[in-house]
Amino acid sequence: MPRFFTLVEARRMLPRVRTLVEHAIESKSQYEDCAQRSEHLMRRIMISGGLNVDRGSAALNRDLQNRSGERLKSSVDEIHEAGVIVKDLDVGLIDFPTLLKGSEVYLCWRLGEDDVRYWHGVHEGFAGRKTIDDEFIANHSGGTEE
C-alpha cells in the first residue's frame with residue numbers, strides 16, 4: 001500500500017531525501033567507475049592472452065565496487081521505505097505519491113531544486129510536470145499531518 005504525502009509532508013521530508021539522493025548518486029558513480037576499471041582490465045587480459053595482473057589492485061577495486069553498491073542499495077532502500085519513489089538517479093529525480101481529487105498523482109522534485117514545486121500524473125512523467133498552484137493545494141491530500 002503506497003504512502004500518500006501532503007505537500008507539507010513532502011517538503012518536511014525533503015532535506016533527508018536530498019541527502020539520501022546525493023549519497024545514492026555518489027555511490028552509483030563510484031560503483032560504475034569501479035565496474036569500468038574491471039571491464040577495462042578484463043579486456044586487457046583477453047587481448048594480451050593472460051596479462052600479469054596486479055591482484056591486490058584488482059581486489060581493492062572489487063571491494064570498493066561492492067561497498068559502493070551496498071551504499072547505493074542502502075540509500076535507495078531508505079528512500080523507498082519512506083514511501084518516496086526514485087525515478088532517475090542520473091538526474092536525482094524522485095516522486096512523492098499524493099492524491100488529487102482522490103486520484104493518485106506525484107509531487108515531483110529533482111536534485112538542484114530548492115523546493116517541491118511541481119506535480120504530474122502517474123503516467124505523465126517529468127515532461128508532464130505542472131507547477132503546484134492554489135487549486136492543487138486545495139484539492140490534494142495525503143497522510144495525516146503532524
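This is a predicted model: local features need pLDDT of at least 70, side-chain atom pairs count only at pLDDT 80 or more; totals for chains, interfaces and linings use all residues.
1. Strand β2, which covers residues 93-100, runs antiparallel to strand β3, which covers residues 103-110, and the two are joined by eight bridges. Within this pairing, threonine 98 of the chain is placed opposite valine 105 in β3. The hairpin formed by β2 and β3 has two residues between the strands, and there lysine 101 adopts a positive phi near 50 degrees.

2. Strand β3 also pairs with strand β4 (residues 118-121), again in an antiparallel sense, through four bridges. In this second pairing, tyrosine 106 stands opposite histidine 120 in β4.

3. If neighbours within four places in sequence are set aside, the contacts of tryptophan 109 are Leu14, Arg18, Val21, Gly92, Leu93, Ile94, Asp115, Val116 and Arg129. Of these, Leu93 and Ile94 fall in the residue range of strand β2, the strand that β3 meets through eight bridges.

4. A polar atom of the tryptophan 109 side chain lies 2.9 Å from the backbone oxygen of glutamate 113, so that the pair falls within the 3.5 Å cut-off for a polar contact.

5. As for separation along the chain, tryptophan 109 and alanine 24 are 85 residues apart, while their C-alpha atoms are separated by 15 Å in the model.

Definitions and conventions: Residues are numbered from 1 along each chain as its sequence is written. Side-chain values use heavy atoms; hydrogens and water are left out. Two strands pair if DSSP finds at least two bridges between them. Contact means heavy atoms within 4.5 Å. A polar contact is a pair of N or O atoms within 3.5 Å; within protein, one must be able to donate a hydrogen and the other to accept it, and residues adjacent in sequence count only if both atoms are side-chain atoms.
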